[in-house]
Amino acid sequence: MKHLYENVADTVIAHIEQGVYKPGEKLPGVRKLSQQLHVSISTALEAYRMLEDSGRIQARSRSGYYVSSFRRQAIVEPQVSDAPVTPAKVTGQSLTRQILRAAKDPYQINLGSSVPHADFLPTHALQQATGKVARSFGKRCFDADELLGSQELRRQIAKRMVELQCADSPDDIVVTHGAREAVRLALMAICEPGDLIAIESPTFYGLLQVIESCGMEALEIPTHPRDGLSLDALQMAIEQWPIKACLLVSNYNNPLGSCMSDERKQALVALLEQHQIPLVEDDVYGDLGFGLRRPSVCKAWSRNGQVLYCNSFAKTLSPGLRVGWLVPGRYMARVENLKYMQHQAVPTLNQLIVAQMLEQGGYDRYLRHVRQDYARNVALAVNAVSLLFPEGTRVTQPEGGFALWVELPAGVDAMALHRRASQENIIIAPGPLFSATQKKYGNFIRLSCAVPWNDRVEKALKKLGDIAGDLLAQNPQ
């Protein structure tokens, strides 16, 4: 059931699409909108904020709200993925390292990396937090802390877990070197080398690299660009293959941007618990939703502690601090043992900086701002792709995160597009990177919207569209 402010937002969208309000035109003020639709001023304001977060309207200081200046086109999303039907070893991940190296080149237009550009980070707030932490904690900033993480940070994370309907104490949390270490610890705690892991398809290549490093195999499950992993396909896979764990990004999956509903999350957890299969949930994009409500997590529906929850501040606060965490549930003892045997503690200073940002509210203030930036960039990029890429191109329309998954006409080879684009100093992530064997998604690319929107980016997208058109002309289907 929708909230009242969502119904108000739908009404405003309908007026925009009907041409009542045109691109760039001013919308009724908050008070006038509340009178027109017979709702409270706070409801009207929430509706406008929701539309602003989604990029449909823009707020101008001391002026009011305006329809965004770009015009949306008729956009078709990719269909549910056609994933491989057999397990596979993860191979051929060397190309990802090439893309990451190229992404550091300041002359490149980086549309291929999943790391936010520095302009999206709260640099000033982090500098202030660093100074305050250094003054308050002195020598402790440079001393080794508890291997499982500082009490200050774990206490702040526990508060956030409570907001997600997860009753976890600071002692239930392990601080890690980002989400990747959290996922690796989780997989090693519940699986052995050679075990089979069910994953979304397509999925983030970083997760594939973790599976590869653990010596495990991947079974790709079809995934819908909005609804997430197919539960019917997962059920069939469980009946056919000896799946030992499931690994997924339930909120704003990279590259699809899919977000599972509460009902689907609950059904997923019930299915896995029925078959005694642990779930490793990576929620690194959960805080980057464009709406007013933060999506739930699968862990909130778990009743037996078989959901191992992983998260990180790398996609939000700072990729350089490398601070993540793991809530391993019933597998805490195994994770603790692995952490002691194989891993180092996260630097104390980094942990205390993040704890300071959380405690003083700087993190949430930053999120309110950056969500709008990403919503705007995603909307602009979707519109640009629909205008500039060849006819027949499909593109996702995520409601959070900053990744776009673009399906090009069948005649466009994504690897060839990647090579041609590189010659123009444009970096993209070709679709095969997001499959275990790199033999799928040959006509797909992922675009990152975590770059400042400017003329260079617009020209880069036009050039990509032109190259794609050339490739299609050479190989019409």
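Q: Is R140 buried, exposed or partly exposed in this predicted model?
A: R140 counts as partly exposed, because its relative accessibility is 29%, between the 20% and 50% cut-offs.

Q: Which residue does R140 form a salt bridge with?
A: E152, with the closest N and O atoms 2.6 Å apart. R140 sits in the loop between helix 5 (123-137) and helix 6 (151-163), while E152 is in helix 6, 12 residues apart.

Q: What does R160 meet in a salt bridge?
A: The side chain of D364, at 3.0 Å, N to O. D364 lies in helix 13 (residues 362-388) and R160 in helix 6, so the pair ties together parts 204 residues apart in sequence.

Q: And R160, buried or exposed?
A: R160 counts as buried, at 15% relative accessibility. D364 is partly exposed, at 29%.

Q: How about R294, what is its salt bridge partner?
A: D287, again a side-chain contact, 3.0 Å from N to O. D287 is buried, with a relative accessible area of 12%; R294 is partly exposed, at 21%.

Q: How many salt bridges does the structure hold?
A: 13. Separately, E77, R226 and E399 are linked in a network of salt bridges.

Q: Switching to strands: what is the order in the open sheet of 4?
A: The order is 13-14-17-16, with antiparallel pairing. Strand 13 (394-395) and strand 16 (429-430) are the edges, each pairing on one side only.

Q: How many bridges join strand 13 to strand 14?
A: There are 2, and the two strands run antiparallel; strand 14 covers residues 403-407.

Q: What stands opposite R394 there?
A: E407, in strand 14.

Terms used:
Residues numbered from 1 in each chain as written. Predicted model: local features only at pLDDT ≥ 70, side-chain atom pairs only at ≥ 80, totals over all residues. Heavy atoms only, no water. Pairing = 2+ DSSP bridges. Salt bridge = Lys/Arg side-chain N within 4 Å of Asp/Glu carboxyl O. Buried < 20%, exposed > 50% of the residue type's maximum accessible area, 1.4 Å probe, protein only.
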